[in-house]
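The following exercises concern how two chains meet. Please study the sequence and the structure before reading the solutions.

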Amino acid sequence: MSINPPRYAAGPMDSVGRPQRALAIYLQELRVRAGAGTWFVLALMFGIISLIVVLVSFETPPSQLALSIYFAPFGSPAFPLLILIVTTSVGSGALAEDLGNRSITLYLSRPIHLSDYLAAKGAAVGSYVALASIGPGVVGVIVVAALGVIPGGLAVSAIGAFFAVGFVTTVFFTGLALALSALTNKALYAGVGIFGSTLAAETAARVIGAITGNHDIVYVAPFYDVQAAASGAFQANTNLLTNPLGSALLLAGAGLLLLVVVWVRMTRVEVVGE
Amino acid sequence: MNGMDRVLPIAGASVRASLRGVRLIGLAALGSIPTLVVLAIVAARSPASSVHDAAQLLFVSLTLPIVMTLVTLVLGVAQFRGEIEDDTLAYLTSRSVPRALVAVGKYLGCVAAGCVILLPTAMLPLAVADAAGAGPPSSEATIAIASAVVLGVLAYSAIFLLLGLLSSSALILGLIFGFLWEGLLQLLSGTLPRLTVAYYLHSLVSLETPGGPMSGYTTVFSSGEAVAVLLGVALGMLLMTAAVFRYAETAPHRSSA
Amino acid sequence: MTGVVDAQGVTKRYGEVLGLNGFSASFGAGITGLIGPNGAGKSTLFRLLAGQLRPDAGSLTVLGEPSWSEGTFRRRVGYCPEQPSMYDWMTGEEFVTYLLRVDGYPKSEAKRRAAEAIEIVGLTEAKARRVRVYSKGMRQRIKIAQGIAHKPQLLLLDEPLNGVDPVGRARLIALFAELGSSGHHLIVSSHVLYEVERLTDQIVMISNGRALAQGDLHRIRDLIDARPHTIELTTPDPRGLAKLLSGWEHVVGIEFVGPDRLTVRSRLPDAFYRGLPELVVSQGAEITAVHSSDDNLDAVFRYLSEGIG
């Protein structure tokens with residue numbers, strides 16, 4: 001029981017800058033997404049893709065060692081599926097969960113900008129997608145270079161190519177994950193959307209392309225574009241029908257466009273509680 | 001009062017819960033993709049025979065491995081996991097209904113909802129091809145496709161129902177099962193592909209439509225054996241789900257105490 | 001023990017966290033209040049009683065049946081959970097009817113009973129609306145409707161008054177009292193003592209997963225009153241005030257806790273509060289603030305915990 005009125009003191013508030021506030025969200029999101037499932041798929045990805053890189057390095061005669069041999073992981077059917085699972089694991093709930101449990105209102109009631117919040121979320125999802133799309137190839141190359149199986153110059157080129165292809169892959173899949181995550185408040189739906197939209201576009205474009213003979217349609221297939229971009233980066237001779245640079249630009253452009261869609265969607269979102 | 005009197009309301013509620021709002025729109029959009037692809041091929045003025053082939057090719061390359069997996073994953077996982085996370089399962093577990101009947105009711109609802117989405121997904125492309133002048137599919141092909149859809153829904157729904165009950169990471173585990181396990185094992189030689197549901201679905205479709213674009217799948221089983229295996233998987237998983245649910249705690253996470 | 005609900009050494013762990021820690025209590029006939037602060041283990045106990053969780057140790061029986069079992073005895077139990085979630089896409093009527101049908105009632109009978117239960121909780125006008133659009137109070141009431149629709153012998157109500165407006169509260173309390181007097185057994189949890197006080201004298205107090213006290217509320221109050229209450233006073237002259245208070249027989253301790261504050265321990269808080277204005281008026285004592293840290297449920301639980309420990 002208290003019969004004296006409460007007294008409030010309004011003192012100066014020390015506030016860190018926007019980058020630090022966004023960093024706090026970024027680090028929190030990294031922690032939240034670092035579940036057992038994510039690490040399992042990442043470990044699987046590192047295991048399979050790094051092994052492919054190591055194996056092709058050992059199996060290729062030294063005289064035939066070239067940048068093109070490292071295109072091999074992108075030709076593996078495991079690569080697209082693993083990238084999709086990592087993207088789904090880390091990206092499907094990034095915004096959907098905040099919308100579902102209404103914690104977005106807690107975030108946005110703080111002195112932060114929506115752009116800071118989205119940048120932090122995107123950076124966290126992108127970090128994991130980048131780890132999955134760049135990391136295993138780079139680790140494999142470093143291992144074989146350290147063992148003296150390939151010359152240093154080739155290793156540097158291969159690492160650069162993995163970074164280049166991984167970058168456009170990361171931009172596209174981060175944009176896709178955030179866009180679908182922003183459209184629903186259930187991570188399950190967003191996850192299925194990521195898988196469904198990518199694989200349906202992939203299969204549909206390839207079937208339409210094959211039946212109609214219109215090869216431009218395969219630009220719509222995301223992993224076909226990743227393969228094409230990789231064939232350009234690794235200077236591999238393939239029968240792919242799209243222009244490597246065109247595919248890379250399309251992936252990056254589509255990813256950025258999806259991020260704009262996320263921004264527009266999130267500026268219009270209303271969270272209604274009970 | 002028999003068990004079905006209790007199972008049917010649960011199944012009915014499960015169908016209604018599965019096919020509403022955003023989920024229905026999303027599943028319908030996913031299911032419409034094969035039809036849209038066939039329409040695109042028709043619009044490109046492709047020959048009628050190509051449209052016919054495309055419709056059947058899409059069934060084995062898009063509907064069975066992708067659309068069916070995703071639709072049954074959403075429906076199957078949501079039955080238990082959705083209710084555990086929303087904390088609504090207590091309304092059922094605190095009633096006098098045996099838990100096994102709850103599992104059966106949810107499974108039947110899931111299968112019914114899956115068929116509502118996936119039978120049109122499989123059949124509409126064929127109807128579009130027919131309307132475009134490719135002619136109706138043979139009765140064997142129609143029966144094979146419908147059987148594969150129903151059997152696939154029965155088997156995958158049971159698997160995903162169990163996953164949803166067992167794990168809070170059911171989505172990721174379901175994707176790993178549906179695409180890595182089912183997809184990659186099929187690419188391997190030897191007996192490993194037989195460990196996938198897709199193997200038996202492809203066997204059934206291939207065996208029942210000889211000579212068409214859906215044939216040519218290498219299998220050592222007869223149609224009857226494939227059907228038996230698929231029904232066995234469905235029944236086995238359902239029994240396991242009922243047994244697990246009988247002893248499962250169904251609070252969402254640490255209670256607020 | 002032969003209560004409606006008997007708990008003997010019930011323990012429930014969530015990983016390393018103890019939800020219930022050797023909880024032992026017997027809930028008798030009529031209405032029993034389960035009182036405890038947030039996080040005490042009330043909802044864990046209800047989830048165990050509802051068969052949602054399995055006890056890790058100890059025995060817990062509901063109407064003579066083990067709580068972790070299924071069977072027809074659950075028809076004699078109604079459960080109104082604390083969480084607000086429901087099948088939001090159903091109407092209120094569909095929600096109650098659905099659960100009755102799951103319980104095995106034929107469709108027409110289920111509809112009839114649902115309408116009756118909805119009428120009792122005063123939601124008839126809103127029964128055709130989807131639960132999604134219900135207010136918090138309406139959600140509580142429809143939850144109670146599904147809990148009473150099958151006329152259970154035992155009704156478990158987990159924080160049923162949470163979020164209900166004052167008029168709704170009065171109505172629900174009257175409803176619970178009516179159910180209690182018509183032969184139903186009710187276990188009603190709350191973290192607000194006075195709410196339960198209006199319903200029943202029989203209470204079980206729970207804190208940190210253990211039953212601290214059980215029985216008649218007035219006896220427990222006496223038990224609490226047997227221990228000195230601590231009251232903090234703010235005054236510009238603590239020593240002068242202490243001198244005046246030291247003459248009071250029920251004041252058993254005075255401590256100076258700051259330049260303008262002192263704490264007083266009194267065995268009779270009612271007498272202390274009655275005497276305080278008199279002290280200000282007739283003796284000219286200057287008191288700027290009075291604060292009793294004991295005047296809340298936490299302090300009551302602390303007393304009882306210390307007493308037990």
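Contact here means heavy atoms within 4.5 Å. The model is predicted, so that local features need pLDDT of at least 70 and side-chain atom pairs count only at pLDDT 80 or more, while totals for chains, interfaces and linings use all residues. Residues are numbered from 1 along each chain as its sequence is written, chains are lettered from A in the order in which they are written, and side-chain values use heavy atoms, without hydrogens and water.

**Exercise 1.** Determine how many residues of chain A and chain B are in contact, and what area is buried between them.

*Solution.* Step 1: 27 residues of chain A touch 28 residues of chain B. Step 2: buried area is the accessible area (1.4 Å probe) that two parts lose on being put together, summed over both. Between chain A and chain B it is about 2400 Å², with carbon and sulfur atoms giving 89%. Step 3: on chain A, 23% of the area buried against chain B is supplied by A:Leu188, A:Tyr189 and A:Ile211, more than by any other three residues.

**Exercise 2.** Identify the salt bridge between chain A and chain B.

*Solution.* Step 1: a salt bridge requires a side-chain nitrogen of Lys or Arg within 4 Å of a carboxyl oxygen of Asp or Glu. Step 2: the count between chain A and chain B is 1. Step 3: A:Lys186 pairs with B:Asp86, and their closest N and O atoms are 3.5 Å apart.
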